[in-house]
Amino acid sequence: MPQEHVLIAGGGIGGLALALTLHQIGVSCTVFESVRELKPLGVGINLQPNAVRELEDLGIGEAELDSVGIPAREWALVGLNGCEIYAEPRGKLAGYKWDQYAVHRGEFHTLLYRKVVERLGPDAVRLGSKVTGYRKESDGTVVAIIENRSGGISEVAGTLLFGADGIHSAIRAQMHPDQPPIHWGGTIMWRGTARGIPIRSGSSFVGLGTSRHRVVIYPISHPDGDGLADINWIAEQTYDTDHDWTKSGWFRPVALSEFAGEFAGFVYDWLDLPALLAKSTVAYENPMIDRDPLPTWVDGPVALIGDAAHPMYPTGSNGASQAIMDARQIGRIMLDRGVTASALAAFDSEFCEPIGQVAMRNRGAGPFGLLNMVDERCGGQFQNIDDVIPAHERSAFMLAYQQAAGFAKDRLNAAPPTIPAGAIVNRVAA
Ligand SMILES: Cc1cc2nc3c(=O)[nH]c(=O)nc-3n(C[C@H](O)[C@H](O)[C@H](O)COP(=O)(O)OP(=O)(O)OC[C@H]3O[C@@H](n4cnc5c(N)ncnc54)[C@H](O)[C@@H]3O)c2cc1C
């Protein structure tokens, strides 16, 4: 029987996690990545315990994650008045068997790339190779159309093709030519990092402000000898919809003077945000965008994963985790169904609809929905949050979100490994 070969369009976190997973289960693959050189781009992202568990099963353990980030200890929401709305421990402190990690996206991405090259060889990731589309063949296989560095076009045949090419996915555009344009709900984010002293627990994710005007801060490195860490910040402002978001680029470098004034009032005895922003080494502007959920992620031997399948607002801190989970679930399903279109169809029917719902929850503010409730009920003015949203209601709100996003503690702790150690695809059965 001829050896299957899987093609992956996009070498982001999703595409590289898929390459490592396929390698683990004995399936060969090639990743085609459009950029000519992988640079450590982006700022902070969170890896939820479900994804950290999968990374551990891929042989990327705590020591390596500690080199690109720090375990998160707490998740907290604080009103614009500086009073706490909600706080809960995270990771092992919350009883998970795995930590949640706050990492530098670029350094984590580089770590995955290094692992792929070490394990699959330097030819496994073809840089400067933009996948512009695909053609389904009559024998059930697929051909990827690739534009190389010099603009030349080539065709590469494979058993299956995964579109892991992000929110602007070319594979998705071909699969769903009538998809609506990118959706923007009115919020602009400015993101960056600055050296600072971590607040609260020393590794707290803090959302501060109102649903329309807020900042999120958390450290993404262990502190140095002086107690200073890289603090990731995301400042967000929601505008009326006549604001022209298309003038804002995707990770457009931006001067602090363009937005810092909007956050001049975020000064408390426990945080001086303007002073932190002033120490920033980088700042990017980013519209908060996503896409409407799709009816299917699969077209015969072609499937979408990660942001290509389900781009989400970052309100739930689960875009990268979900991309990793997609890769792992595909590996699990291939163990049963082989490297086949039927495996892709099974992946689609199990996950397309529920993950689309998670994306919609994130559009509705995700776990930050509590800030909306505070706004609606008291206009952000309160002394004691229990008078506004009772503790049991706050907990129930958070639990519902966590269950939908797949990182509810008891279920995760009790679940068997997604891919049992040593399991490889059974080709006779396939
Ligand atoms: C440069 C960059 C910086 C980011 N920074 C942050 C951040 O600071 N904070 C945050 O929360 N999220 C950030 N994200 C998004 C976050 O990484 C993703 O939401 C999440 O990791 C899901 O990853 P993904 O692999 O599905 O998609 P992505 O991370 O978007 O990766 C897609 C990959 O596909 C490549 N690609 C695109 N089109 C093609 C094509 N036609 N052919 C071949 N390759 C293609 C891209 O270059 C990219 O490497 C960033 C994404 C990018 C691309």
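Predicted model: local features only at pLDDT ≥ 70, side-chain atom pairs only at ≥ 80, totals over all residues.
**The ligand and its surroundings**

Around the ligand stand 28 residues, and the closest of them are Gly 14, Glu 33, Val 43, Arg 191 and Asp 307. Sorted by class, this shell is made up of 11 nonpolar, 11 polar and 6 charged residues. Several elements of the fold contribute to the shell with at least two residues each, namely helix H1 (13-24), strand S3 (44-47), strand S9 (130-136), helix H7 (306-309) and helix H8 (319-337). Among the contributors, H8 gives the most, with 3 residues.

| Residue | Protein atom | Ligand atom | Distance |
|---|---|---|---|
| Glu 33 | polar side-chain atom | oxygen | 2.6 Å |
| Ser 34 | polar backbone atom | nitrogen | 3.1 Å |
| Gly 44 | polar backbone atom | nitrogen | 3.3 Å |

Taken on its own, the ligand has 920 Å² of accessible area, and the protein covers 86% of that area.

**An open sheet**

Six strands form an open sheet with mixed pairing, and reading across the sheet gives the order S8-S2-S1-S12-S20-S19. Which strands stand at its edges? They are strand S8 (125-126) and strand S19 (298-299), and because each has a single partner strand, one side of each is left without a neighbour in the sheet. The partner of S19 is strand S20 (residues 302-304), to which S19 is joined by 2 bridges, and the two strands run antiparallel. Within this part of the sheet, Asp 299 is found opposite Val 302 of S20.

**Salt bridges**

The structure contains 20 salt bridges in total, and a few of them can be followed residue by residue. In one of them Lys 92 is paired with Glu 62, and their closest N and O atoms are 2.4 Å apart. Lys 92 belongs to the loop between strand S6 (84-89) and strand S7 (101-104), while Glu 62 belongs to helix H3 (residues 62-66), so this pair ties together parts of the chain that are 30 residues apart in sequence. Both ends of the pair are partly exposed, since Lys 92 has a relative accessibility of 38% and Glu 62 has a relative accessible area of 31%.

A second salt bridge brings together the side chains of Glu 84 and Arg 200, with 2.7 Å from N to O. Here Glu 84 sits in strand S6 and Arg 200 in the loop between strand S13 (183-196) and strand S14 (204-209), so the parts that are tied together lie 116 residues apart in sequence. Glu 84 is again partly exposed, at 39% relative accessibility, and Arg 200 also counts as partly exposed, at 38%.

Glu 137 and Arg 135 form a further salt bridge, in which the closest N and O atoms are 3.2 Å apart.

Definitions and conventions. Residues numbered from 1 in each chain as written. Heavy atoms only, no water. Salt bridge = Lys/Arg side-chain N within 4 Å of Asp/Glu carboxyl O. Helix = DSSP H or I, 4+ residues; strand = E, 2+ residues; numbered from the N terminus. Buried < 20%, exposed > 50% of the residue type's maximum accessible area, 1.4 Å probe, protein only. Pairing = 2+ DSSP bridges. Near = heavy atom within 4 Å. Polar contact = N/O pair within 3.5 Å; in protein donor to acceptor, adjacent residues only side chain to side chain. Areas by Shrake-Rupley, 256 points an atom, 1.4 Å probe, with all protein chains shown as cover. Nonpolar A, V, L, I, M, F, W, Y, C, P; charged D, E, K, R; others polar.
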